[in-house]
Amino acid sequence: MIETLFVVNAPNSSKESTRRPVLPSPNQENRVLDPKKAQNIAISLRALNVTIEEVCEALSEGNADALGTELLESLLRMAPTKEEERRLKEYKNDSPFKLGLAERFLKAVLDIPFAFKRVDTMLYVANFGSEVEYLKSSFDTLEVNQSLKHYFLRFCYLIYICVAF
């Protein structure tokens with residue numbers, strides 16, 4: 001029973017061999033990215049409800065407010081590897097392959113000079129105000145702790161004096 005599941009049948013020589021085209025059909029998508037990564041990027045783009053043009057325009061202008069921190073963080077996670085970046089830059093529009101949504105998006109973003117460094121900088125600028133507020137509250141806490149420490153040391157000294165006499 002199990003042997004029948006794993007037995008490989010020899011090809012029948014009486015059947016005509018079918019010719020497979022060397023190049024895929026023009027409507028087939030070329031996968032420059034890992035299929036799972038491409039799918040995740042496409043889902044993220046649909047969920048964030050942005051177009052390629054909007055993202056590219058905001059990146060070119062350095063407008064962090066137009067994108068928002070959530071989209072900027074998503075863009076940083078979408079960053080391609082060096083190999084994927086090289087393959088996307090080598091891709092020519094006259095190629096017989098059609099790029100998928102994720103590949104088209106990343107190709108358009110990579111056409112912007114230092115795109116992912118811009119995204120990182122824009123995210124830093126967008127989060128700067130909240131980071132400053134967090135640091136201010138942390139310094140306030142430290143100041144309170146420092147004054148409490150001063151009172152605690154005075155209290156210990158007072159106890160020492162009381163116990164010594």
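**View 1. Helices H3 and H6 come within 10 Å of each other, axis to axis, and cross at roughly 20°.** Axes here are lines fitted to C-alpha atoms over the stretch in contact, with angles running from 0 to 180 degrees between N-to-C directions. H3 and H6 are therefore roughly parallel (angles under 35 degrees count as such). From H3, Ile52, Val55, Cys56 and Leu59 make the contact, and from H6 it's Arg104, Phe105, Ala108 and Val109 (contact means heavy atoms within 4.5 Å). Sort those residues by class and you get seven nonpolar, no polar and one charged.

This is a predicted model, where local features need pLDDT of at least 70 and side-chain atom pairs count only at pLDDT 80 or more, while totals for chains, interfaces and linings use all residues. Residues are numbered from 1 along each chain, and side-chain values use heavy atoms, leaving out hydrogens and water.

**View 2. Helix H3 (residues 52–61) also meets helix H4 (residues 64–77), with axes within 12 Å and crossing at roughly 100°.** That makes the two helices roughly perpendicular (65 to 115 degrees). Glu54, Val55, Ala58 and Leu59 of H3 touch Ala66, Leu67, Leu71 and Leu75 of H4.

**View 3. Helix H6 (residues 101–110) is mostly covered, with eight of its ten residues buried.** Buried means under 20% relative accessible area, exposed over 50%, and partly exposed in between, using a 1.4 Å probe and protein chains only. Among the buried ones are Phe105, Leu106 and Val109.

View 4. The disulfide count is zero, taking a disulfide as a pair of cysteine sulfur atoms within 2.5 Å.

How values were computed: Helix = DSSP H or I, 4+ residues; strand = E, 2+ residues; numbered from the N terminus. Parallel < 35°, antiparallel > 145°, perpendicular 65-115°, else oblique. Nonpolar A, V, L, I, M, F, W, Y, C, P; charged D, E, K, R; others polar.
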